[in-house]
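Me: I would like to go through this chain with you, one question at a time, with the cut-offs stated as we go.
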Amino acid sequence: MAGERCGRCHRKLKTPESVAAGFGSSCYKMLFGKPLKRETNALYRSLRQNRNEENEEVEGQMSVFDLESEV
């Protein structure tokens, strides 16, 4: 992927989707009128959902703010 360049502006392509399409996301949108589909959006959504589930409060669990009140 290191030597891959955009077919329109010749900038270095950074994502696997751009390399596969042969264009960067901005150039792809200019040429074809629609955004370049990214596989990573589903991954980021699932990671964000997992992070939100991990940050839910657990009954009886202490937080940093509870420790400040004890000092």
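Me: What share of the 71 residues of the chain counts as buried?
Reply: This is a predicted model, in which local features need pLDDT of at least 70 and side-chain atom pairs count only at pLDDT 80 or more, while totals for chains, interfaces and linings use all residues. Residues are numbered from 1 along each chain as its sequence is written, and side-chain values use heavy atoms, with hydrogens and water left out. Buried means under 20% relative accessible area, exposed over 50% and partly exposed in between, with a 1.4 Å probe and protein chains only. On that scale, the buried share of the 71 residues is 14%.

Me: In which order do the elements of the chain run?
Reply: Helices (H or I, at least four residues) and strands (E, at least two) are DSSP runs, numbered from the N terminus. The chain has four helices and zero strands, and from the N terminus on the order is α-α-α-α.

Me: Is S18 buried or exposed?
Reply: S18 has its place in helix α1. Leaving aside neighbours within four places in sequence, S18 is in contact (heavy atoms within 4.5 Å) with L13, F23, G24, S25 and L36. Because its relative accessible area is 4%, S18 is classed as buried.

Me: Is R11 buried or exposed?
Reply: R11 lies in the segment before α1, which spans 16–21. Since the relative accessible area of R11 is 62%, the residue is exposed.

Me: Is M30 buried or exposed?
Reply: M30 is found in helix α2, residues 25–32. With a relative accessible area of 59%, M30 is exposed.
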